[in-house]
Amino acid sequence: MIRVCKAPSCTDRGTRMFPEGDLRDLPIAAANDIITTTFELAGRRVVDIGCGKGGPTIHMARQGATVLGVDPDAARIAAAREAAARESIAVAFEEGIAQALPVEDAALDMAVFTNSLHHVPLDAIADALREAARVLKPGGTLMVLEPVPAGPEFEIQKLWSDETVVRRRAYEELSAVGGYGLVMQQEAYYGNTGRYRDYDDFQAQLSARNEKHAIAFAQHGPVIRERFATHARRDGEEYVLAKATRINLFSKAG
């Protein structure tokens with residue numbers, strides 16, 4: 001399901017942070033599917049770092065893991081707790097930051113960043129990765145899922161939210177995790193697509209997802225529409241925007 005390559009061979013554009021070839025050729029999978037097919041979750045103790053509203057956190061709990069979701073935003077933590085309660089899923093959520101996890105040393109089997117590492121302040125990313133290593137047992141696994149700064153959807157969204165620098169910095173910091181006792185195991189890429197009936201549907205979906213998107217459409221509507229027309233690919237009755245996510249897996253030595 002996932003095209004896996006050892007890090008030294010994953011080269012493109014002078015770095016390893018991009019997949020080779022066309023994004024449309026990547027295997028398609030959502031984050032929850034990637035997590036499920038990569039790990040046996042039943043009985044594992046896991047921390048979801050930067051858990052947001054708790055989607056992957058709750059998914060891992062459904063698979064039998066004991067999961068703690070940590071996020072610095074109180075409103076997102078409240079929403080995550082409500083979502084877990086609606087499904088009667090036992091999950092712990094705590095407000096906190098990646099660089100100071102409320103977990104004892106060597107207590108967990110897995111630590112996961114799901115599209116969240118690049119949201120850590122740039123000068124704190126190294127500390128966040130060091131914290132993830134601290135809470136893992138020897139032999140434990142760190143999984144980092146990050147959006148690749150490339151592709152049609154990224155080309156549109158970077159008009160108002162260009163995350164090239166922060167996503168690149170997050171990737172560069174992964175090269176230093178050997179100093180925290182973490183060993184690279186795999187690097188892989190998967191694709192995904194945003195599907196929209198038309199431009200208005202694209203605007204509605206993104207605006208509902210994030211208030212910053214709604215503001216951007218109000219300010220840059222004509223330019224965004226033009227970029228949508230340039231980058232969106234027609235697929236039957238829908239318009240498709242490709243995107244990619246990179247997965248890096250590390251194990252804790254010992």
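Reader: Which elements do the buried residues of α4 pack against?
Author: In this predicted model, helix α4 spans residues 125-135, and eight of its 11 residues are buried. Among the buried ones are Ile-125, Leu-129 and Val-135, together with Glu-131. The buried residues of α4 pack against β2 (45-49), β5 (108-114), β6 (136-147), α6 (164-174), β7 (182-196) and β9 (238-252).

Reader: At roughly what angle do the axes of helix α1 and helix α2 cross?
Author: Helix α1 covers residues 31-38 and helix α2 covers residues 55-62, and their axes come within 10 Å. The crossing of α1 past α2 is right-handed. Where these two axes cross, the angle is roughly 35°.

Reader: What is the radius of gyration of the protein chain, and how does it stand beside the globule rule?
Author: The protein chain has eight helices and nine strands. For its 254 residues the globule rule gives 18 Å, and the value for the chain is close to that, so the chain is as compact as a globular protein of that length. The radius of gyration of the protein chain is 18 Å.

Methods. Residues are numbered from 1 along each chain as its sequence is written. This is a predicted model: local features need pLDDT of at least 70, side-chain atom pairs count only at pLDDT 80 or more; totals for chains, interfaces and linings use all residues. Side-chain values use heavy atoms; hydrogens and water are left out. Buried means under 20% relative accessible area, exposed over 50%, partly exposed in between (1.4 Å probe, protein chains only). Helices (H or I, at least four residues) and strands (E, at least two) are DSSP runs, numbered from the N terminus. Contact means heavy atoms within 4.5 Å. Axes are lines fitted to C-alpha atoms, for helices over the stretch in contact, and angles run from 0 to 180 degrees between N-to-C directions. A crossing is left-handed if the near helix is turned anticlockwise from the far one by less than a right angle, and right-handed if clockwise. The radius of gyration is taken over C-alpha atoms; the globule rule is 2.2 Å times the number of residues to the power 0.38.
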